[in-house]
Amino acid sequence: RRGKRDFLAQSWRLGREIGGSSARIPLAVKAGLDAHRAWESDFLAGKPLRLPEGPPEGRRLRIGVAGHAYNIYDPHISMELLRRLGERGIDVLVPEMVSHAQLRRATADVPKALFWTYEKEVYGAVRHWVENKLVDGVIYMLSFACGPDSFIEVLIEDAARSAEVQVPLLSLVIDEHSGEAGFVTRLEAFIDMLTRREAVPT
C-alpha cells in the first residue's frame, strides 16, 4: 500500500534483523517476489487445485472454497478440507484465483462499500464464481463468533440463491470444539448431493 520503495526498505530492515548480509538480502527479496509472481500467475490462470489429484469419473465436480486464507489452507484448522476434496476427484477454486479487476466488477453493485479487505475478497470471489457459472457448489468456511464472517455469510447466501442457476452452499463453522466426525459427515453429504444433482438431466 505504501509503494515499492517502502516495501524494499522494510524488507531490508527485516533482513538485517534476522542476520542477513548486504549481499544476500536483495537476492532473497528478488527470489521471494519471483516466487510470488509465479504462484499468482498460476492461480489467476484459473487452473483449479488438484491436491492430490483423485481419480476422475466422467465430468469432474468443481467446488469453490471460500474463507480466510489462514483457515482454508491450514490442514489442522480446515481438517484437511482441500486434501479431502482432491481425493474425491474434485477441482477446487479459491479466492486467490480471482483477479482484483474481477473482484471489483463482482462487488460493484453492493450498496455500501465493504469495510473488511478479506471479506470483500471472499464475497467478490463467490459472486464471480456463481455469476459466471464456474462452480457446481460453494463451501464457505467461517470462524465461530467472527462478526465480519457472519455478516458476509448472509451476502454469500444471497449471491448463491440469486444466481441465474442457483448454486448449493455449505457453510462450515469452525471453533476449538469442532469435531472431525461431524465435519466429514456434512462434507460427504454435500458432495453426494452435488453428484446426484449433476446426474439429473436439465
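## Salt bridges

Lys133 forms a salt bridge with Glu164, with the closest N and O atoms 3.4 Å apart. A salt bridge here is a side-chain nitrogen of Lys or Arg within 4 Å of a carboxyl oxygen of Asp or Glu. The pair links distant parts of the chain: Lys133 sits in the loop between helix 6 and strand 3, Glu164 in the loop between helix 7 and strand 4, 31 residues apart. Both Lys133 and Glu164 are exposed. Exposed means over 50% relative accessible area, buried under 20%, partly exposed in between (1.4 Å probe, protein chains only). Salt bridges that share partners also join Lys30, Asp34 and Arg37 into one network. The structure holds nine salt bridges.

This is a predicted model: local features need pLDDT of at least 70, side-chain atom pairs count only at pLDDT 80 or more, and totals for chains, interfaces and linings use all residues. Residues are numbered from 1 along each chain as its sequence is written, and side-chain values use heavy atoms, leaving out hydrogens and water.

## Two further pairs

Asp34 and Lys30 meet through their side chains in a salt bridge (2.8 Å, N to O). Both lie in helix 2 (residues 24–44), four residues apart, about one turn of the helix. Helices (H or I, at least four residues) and strands (E, at least two) are DSSP runs, numbered from the N terminus. Asp34 counts as partly exposed because its relative accessibility is 32%.

Arg88 and Asp192 form another salt bridge (3.3 Å, N to O). This pair links distant parts of the chain: Arg88 is in the loop between helix 4 and strand 2, Asp192 in helix 8, 104 residues apart. Arg88 is partly exposed, with a relative accessible area of 38%. Asp192, at 34%, also counts as partly exposed.

## The sheet and its helices

Four strands form an open sheet in the order 2-1-3-4, with parallel pairing. Strand 2 and strand 4 are the edge strands, each pairing on one side only. The twist averages 25° from one strand to the next. Strands pair if DSSP finds at least two bridges between them. Three bridges join strand 1 to strand 2. Ile63 stands opposite Val92 in strand 2.

Helix 6 lies across strands 1, 2 and 3, running at about 165° to strand 1. Helix 8 lies across strands 1, 3 and 4, at about 170° to strand 4. Axes are lines fitted to C-alpha atoms, for helices over the stretch in contact, and angles run from 0 to 180 degrees between N-to-C directions. Contact means heavy atoms within 4.5 Å.

## The nonpolar core

The largest nonpolar core has 44 residues; Ile63, Val65, Leu81, Leu85, Trp129, Ile139 and Phe183 touch the most other members. Such a core is a set of buried Ala, Val, Leu, Ile, Met, Phe, Trp, Tyr and Cys residues joined through side-chain atoms within 4.5 Å. Leaving aside neighbours within four places in sequence, Leu85 contacts Ile63, Val65, Ile90, Val92, Ile139, Leu187 and Ile191.

## Helix 6 and selected residues

Helix 6 has 15 residues and reaches 21 Å from its first C-alpha to its last. That is close to the expected 21 Å, taken as 1.5 Å times one less than the number of residues. Its buried residues include Glu119, Tyr123, Arg127 and Trp129. Just after helix 6, Lys133 takes a positive phi of about 55°.

Val154 lies in helix 7. Val154 counts as exposed because its relative accessibility is 53%.
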